[in-house]
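Here is a short tour to read alongside the sequence and the model. Keep the viewer open and follow along.

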Amino acid sequence: MKNLFKATCIVLFTFSLFFISSCGDSKNEDSPETKTTSTDFSKRYGVKSAIVEYVITGSQSGTKTLYFEDWGMKQAEYTNSVLQIAGFSKNINLMNVIKDDSNYIIDLDRKTGTKTKNPVKKLIAELQNQKSFGEFGEQILLKSGAMKVGREEFLNKECDIYEIKNAGTKIWIWKWIPLQTITKTGGVEINSVAKKIEINVSIPPDKFEPPKDVTITEVDLDDIENQIRQQNK
């Protein structure tokens, strides 16, 4: 169960937080240009809006659709899949919305969900408090422990490949949008592969709105983290 939890969290993290400009425009970490360019925190991706459709295979099978606009400052993910590990099976029908100051994660089958603070704004605050250069997406990848390990064409787009070794994860990124994510850890393998991407498109506003018939509980993750730290002292 511990490995299951870890693998699921990694996939959610990679699809929620890896953003910004073209991988084809990525700077070498040692180049003078990278070291003299201020980080732009106003954009998460390199295109204004997009719809990306993924197929999920492996220990988790199903589909995921990512919608975003305002350069990714508003986004919604819809996941409909089945997780199967060591005889354990769970249906997943989730809506994950990040907009304004909030993040909503909603179980569409149970009609319940949680509301927390926008994790992207927290990352911006953390990164702005340190001397960081380059693109926002690059800073997030480095913060997660990722290293660039290569380049490869995927869906006719030149992508940079990043690896997070301690999580057993590789990510193919174009304009800081993950087009393929492979996670292998503790006998668990989850592959999320983009099959279709539409960029600079109009997205219906209701894609970013939690359903009205859902019971939402507000959770303070900062408070929970502080309690865990106190308990571990």
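## Helix α3 and its cap

Helix α3, residues 119-128, has buried residues at Val120, Leu123, Ile124 and Leu127. Looking down the axis of α3 in this predicted model, you will find these buried residues within an arc of 100°, so they line one face of the helix.

The N-terminal end of α3 has a cap, Asn118. One of its side-chain oxygens sits 2.8 Å from the backbone nitrogen of Val120, and Val120 is itself among the buried residues of the helix.

## The chain as a whole

Stepping back, the protein chain contains five helices and 12 strands. Its length is 233 residues, of which 45% count as buried. Take the contacts between residues at least 6 apart in sequence: 54% of them join residues at least 24 apart.

## The sheet

What is the order of the strands in the open sheet? Reading across its 12 strands, you pass β7-β8-β9-β10-β11-β1-β2-β3-β4-β5-β6-β12, and the pairing is mixed. The edges are β7 (147-154) and β12 (215-218), each of which pairs on one side only. On average, and ignoring direction, neighbouring strands in this sheet are turned by 20° against each other.

## Two nonpolar cores

The largest nonpolar core has 17 residues, and Val52, Phe68, Ile177 and Leu179 have the most contacts inside it. Strands β1 (50-58), β2 (60-69), β8 (157-164), β9 (169-174), β10 (177-185) and β11 (188-199) each supply at least two residues of this core. Another core, of 11 residues, lies apart from it and includes Ile51, Tyr67, Ile203 and Phe208.

Leaving aside residues up to four places away in sequence, Val52 touches Lys64, Thr65, Leu66, Ile177, Ala194, Lys196 and Ile197. Ile177, one of these neighbours, is also listed with Val52 among the residues with the most contacts in the largest core.

## A buried aspartate

Is Asp160 buried or exposed? This residue of strand β8 is buried, with a relative accessible area of 0%.

A polar contact of 2.7 Å links it to the side chain of Arg151, and another, of 3.3 Å, joins the side chains of Asp160 and Lys148.

Most residues other than glycine have a negative phi.

Trp71, in the loop between β2 and β3, has a positive phi near 60°. At 28% relative accessibility, Trp71 counts as partly exposed. The other residue is Asn156, in the loop between β7 and β8, where phi is again positive and near 60°. Asn156 counts as exposed, because its relative accessibility is 70%.

Technical notes:
Residues are numbered from 1 along each chain as its sequence is written. This is a predicted model: local features need pLDDT of at least 70, side-chain atom pairs count only at pLDDT 80 or more; totals for chains, interfaces and linings use all residues. Side-chain values use heavy atoms; hydrogens and water are left out. Two strands pair if DSSP finds at least two bridges between them. Helices (H or I, at least four residues) and strands (E, at least two) are DSSP runs, numbered from the N terminus. Axes are lines fitted to C-alpha atoms, for helices over the stretch in contact, and angles run from 0 to 180 degrees between N-to-C directions. Buried means under 20% relative accessible area, exposed over 50%, partly exposed in between (1.4 Å probe, protein chains only). The arc is that of the directions from the helix axis to the C-beta atoms. A polar contact is a pair of N or O atoms within 3.5 Å; within protein, one must be able to donate a hydrogen and the other to accept it, and residues adjacent in sequence count only if both atoms are side-chain atoms. A nonpolar core is a set of buried Ala, Val, Leu, Ile, Met, Phe, Trp, Tyr and Cys residues joined through side-chain atoms within 4.5 Å. Contact means heavy atoms within 4.5 Å.
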